[in-house]
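Take a walk through this structure, one region at a time. Keep the sequence at hand as you go.

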Amino acid sequence: MAAPSGRVPRLWVQVFGQRVGGLLTNVSKPFCSAAAASRPLDAQRLAERLRAQKQEQKTKKVPVPTNPVQRRVKELLQFTQQLQRVHPNVLAKALSRGIVHQDKDLVVINKPYGLPVHGGPGVQLCISDVLPILAKMLNGHKAEPLHLCHRLDKETTGVMVLAREKDMAHQVQELFRTRQVAKKYWAITVHIPVPSAGVVDIPIIEKVVQGQQQHHKMALSPSYRMDNGKMVKVRTSRNAHMAVTQYQVLSSTLSSALLELQPVTGVKHQLRVHLSFGLDCPILGDHKYSDWNRLIPQKLSVGTLKKLGLPQSKARHIPLHLHARQLILPALGSRKEELSLVCKLPHYFVRSLSRLGLEMPSHDQNEAGHLGAQ
């Protein structure tokens with residue numbers, strides 16, 4: 001660079017549950033009065049009635065699973081959906097409570113799961129939308145909007161750096177571009193990489209996957225291939241990007257592992273592609289890159305499903321277990337020493353570690369115990 005057995009932080013559940021509930025209640029009120037219903041419907045009133053009916057269906061209560069693991073998975077799914085529906089002020093307030101560092105130049109947040117950084121098709125609310133509101137919450141109504149310094153995937157959690165001024169944002173972006181920022185991600189993988197530590201140095205290219213569901217995926221574009229038992233260099237595609245990932249196993253069982261990943265480059269979906277297609281160790285909850293030909297829920301072994309307490313039919317709800325654990329920024333501006341920024345693991349990640357029998361490094365044991373007890 002989230003969980004079958006984890007749960008959403010109580011504070012956020014309360015904040016989003018109360019505010020979203022109120023918003024949805026207001027939307028679901030009938031748009032047409034009884035008198036209006038007796039008149040012929042024009043296109044606008046018909047559209048409003050259909051929207052109201054759809055909203056009522058969304059707000060209908062569904063049975064709560066009795067299995068505690070399935071219940072927490074369902075809560076996380078609902079939480080990520082609510083993130084897209086709440087008022088921007090509510091989201092900005094939640095992000096402000098997740099600040100891990102701030103100074104006169106930077107604001108560093110712990111990005112929650114399921115929240116996109118930028119807008120796009122189907123995105124109703126994203127981090128960039130609420131940066132002006134977050135800036136005013138922190139520095140008053142005359143504050144200029146905060147600026148993004150880098151990005152994380154929607155499903156990735158962890159350290160995200162924002163800048164108070166545009167010039168500072170450009171300086172930090174340049175540090176990322178020139179690979180002067182040390183990045184460490186943690187991931188839970190299905191299977192264990194061999195060897196237990198090493199470097200994956202394989203270019204990555206975007207390809208179109210043909211089939212019932214044509215879609216785009218990032219793929220490996222190796223510089224070498226085997227020909228009659230000999231390694232032969234092949235011509236590199238001009239569209240391929242150099243991609244280098246250093247990895248190390250922190251803990252492992254017979255069927256899963258906790259990895260620390262240090263991406264040297266920053267290609268789209270680099271960690272997911274290198275782990276799945278390069279090491280045959282897809283990240284737990286990576287439903288896109290666990291199978292090349294199809295877009296289907298990740299297939300897990302019977303043993304892994306049993307440990308997680310989930311049937312295969314519910315595996316599609318397992319979130320991506322990829323966390324931006326640490327960023328180390330070099331000295332910049334008035335700051336004369338490097339800045340180490342660390343984000344705690346989300347609850348679902350820690351729960352999955354526990355259920356799979358994986359251990360955190362000794363210096364992080366206190367964090368695991370604290371989160372696991374909540």
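His-347, Tyr-348, Phe-349, Val-350, Ser-352, Leu-353 and Leu-356 are the buried residues of helix H10. This is a predicted model. H10 covers residues 347–356. Seven of its ten residues are buried, so the helix is largely enclosed by the rest of the structure. Gly-357 follows H10. Its phi is positive, near 80°.

Which strands pair with S5? One is strand S13, residues 322–329. S5 and S13 pair in the antiparallel sense, over six bridges. Ala-182 stands opposite Ile-328 in S13. Another is strand S12, residues 256–263. Six bridges join S12 to S5, and the two run antiparallel. Here Tyr-185 stands opposite Leu-261 in S12. In a regular strand, side chains alternate between the two faces of the sheet.

The charged end of Arg-325 sits over the ring of Trp-186. The distance to the ring centre is 4.5 Å.

Now look for rings that pair with rings. How many aromatic pairs does a search of the whole structure find? The search finds three. One of them joins Phe-277 and Tyr-289. Their ring centres are 6.0 Å apart and their planes stand at 70°, so the pair is edge-to-face. Phe-277 lies in helix H8, residues 270–278. Tyr-289 lies in the loop between H8 and helix H9, residues 302–308. The pair therefore ties together parts that are twelve residues apart in sequence. Are the two partners buried or exposed? Phe-277 is partly exposed, with a relative accessible area of 27%. Tyr-289 is buried, with a relative accessible area of 0%.

Phe-277 also forms an aromatic pair with Trp-292. This pair is edge-to-face, with 5.8 Å centre to centre and 80° between the planes. Trp-292 lies in the loop between H8 and H9, whereas Phe-277 lies in H8, so this pair ties together parts that are 15 residues apart in sequence. Trp-292 counts as partly exposed, because its relative accessibility is 28%.

Turn to Asn-110 in strand S2, residues 106–111. Its relative accessibility is 21%, so Asn-110 counts as partly exposed. The cut-off for buried is under 20%. Which residues touch Asn-110, leaving aside its neighbours within four places in sequence? The contacts are Gly-98, Val-100, Gly-158, His-323, Cys-343 and Lys-344. With Gly-158 there is also a polar contact. The backbone nitrogen of Gly-158 lies 3.4 Å from a polar atom of the Asn-110 side chain. Thr-157 is 47 residues from Asn-110 along the chain, yet their C-alpha atoms are separated by 7.0 Å.

Finish at Glu-174, in helix H7, residues 166–177. Glu-174 counts as partly exposed, because its relative accessibility is 37%. Cys-149 is 25 residues away from Glu-174 in sequence. In space, the two are 9.0 Å apart, C-alpha to C-alpha.

Conventions
Residues numbered from 1 in each chain as written. Heavy atoms only, no water. Helix = DSSP H or I, 4+ residues; strand = E, 2+ residues; numbered from the N terminus. Buried < 20%, exposed > 50% of the residue type's maximum accessible area, 1.4 Å probe, protein only. Contact = heavy atoms within 4.5 Å. Polar contact = N/O pair within 3.5 Å; in protein donor to acceptor, adjacent residues only side chain to side chain. Pairing = 2+ DSSP bridges. Phe/Tyr/Trp six-rings, centres within 6.5 Å; stacked < 30°, edge-to-face > 60°. Lys NZ or Arg CZ within 6 Å of the ring centre and 35° of its normal.
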